[in-house]
Amino acid sequence: MAEFKKELFVIKGKDLEEMETISRPSLTFFQDAWRRFRKNKTAMIGLFIIALYALLSIFAPILSQYEYTATNSSLMNALPSLQHPFGCDSVGRDLWVRVWRGGRVSLSIGLVSALVNMCVGAVIGGLCGYYGGKLDMIVMRIVDILYGIPSLIITILVMMVLGKGVMALVVALCIVGWIGTCRFVRGEVYRLKEQDFVLAAKVMGVSDIVIILRHIIPNILGMMITNMCMAIPGAIFQEAFLSYIGVGIAAPDCSWGVLANEGIQYLIIYPQELYIPAMASCTTMLALNLLGDGLRDAVDPKLRGTE
């Protein structure tokens, strides 16, 4: 009798759990992804760092009483203080303003180039994956050729032709930056177009553009956003490297790479002039990688329904 009551209790417990699961409000894909993303502490830390750096990059140069180009010979290589939290550089410019002004440039270049690469790669890869045929063959051969050439060499050559500047750097980063997104989207679209819901839509006479907009893009949008977040650190690193070697951002504008290039000359005597912009760049790339990993786990269809 006791065993029967115990089994009955277990059965009722399972029924209650099933009823609670059924009674939960239905969530959309993005609501469910946000719910799982919030549980990822490292991803939330990365999001907090990126939001903090973005706010400082926007408002710190505006609210400061110093201009990022203003020089003061009496403050050359000044150490950090209350008036100048990061100190001053070799010509007396306030490093606090210049670091966050450089953050504005670096973050903007990384975001814009990653966004453009995602859009271009998604369009080209989507067309190749959906229609296939000669278009797919020609584009993929071009992609294979570009993959055989180091992207940094192509970027430097483009910068030498276009000159220095933010727009020239964005164009140079976008010349070959779309290739990875193109191959990724092509593979996903090629897989999705063979699924039953796409085949059913074709049988019902739905046009290709409607199928792409309503059935294929929503299924890969989450992974595309994740892929873009993972691409932003690479774009920031390339910008910092190109500016460091002198072919990136032109004076009087600045970026984290420009500040690192200026600070390396005084590494032994005034190491903070190099360490501060380098630390800002490194923590930004780390935070973006944490954010990208969290988004990848949040939008992974294999994890849906496992919690």
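Which residues line the largest cavity? They are Asp89, Leu95, Leu259, Glu262, Gly263 and Glu273. This is a predicted model, in which local features need pLDDT of at least 70 and side-chain atom pairs count only at pLDDT 80 or more, while totals for chains, interfaces and linings use all residues. Residues are numbered from 1 along each chain as its sequence is written, and side-chain values use heavy atoms, with hydrogens and water left out.

**Cavity**

- A cavity is a set of points, on a 1 Å grid over the protein atoms alone, where a 1.4 Å probe fits but cannot get out, and its lining residues have an atom within 4 Å of a point.

**Aromatic rings**

- Rings of Phe, Tyr and Trp (its six-membered ring) pair if their centres lie within 6.5 Å; planes under 30 degrees apart count as stacked, over 60 as edge-to-face and the rest as tilted.
- By this rule there are five aromatic pairs.
- Tyrosine 130 and tyrosine 131 have ring centres 5.1 Å apart and planes at 85 degrees, so this pair is edge-to-face.
- Ring pairs also join Tyr53, Phe86, Trp96 and Trp100 into a cluster.

**Accessibility of the tyrosine pair**

- Tyrosine 130 has 7% relative accessibility and so counts as buried (under 20% relative accessible area, with a 1.4 Å probe and protein chains only).
- Tyrosine 131, at 44%, counts as partly exposed, the class between buried and exposed (over 50%).

Key:
1 Å grid on protein atoms, 1.4 Å probe; cavity = no way out; pocket = protein on both sides within 12 Å on 5 of 7 lines; lining within 4 Å.
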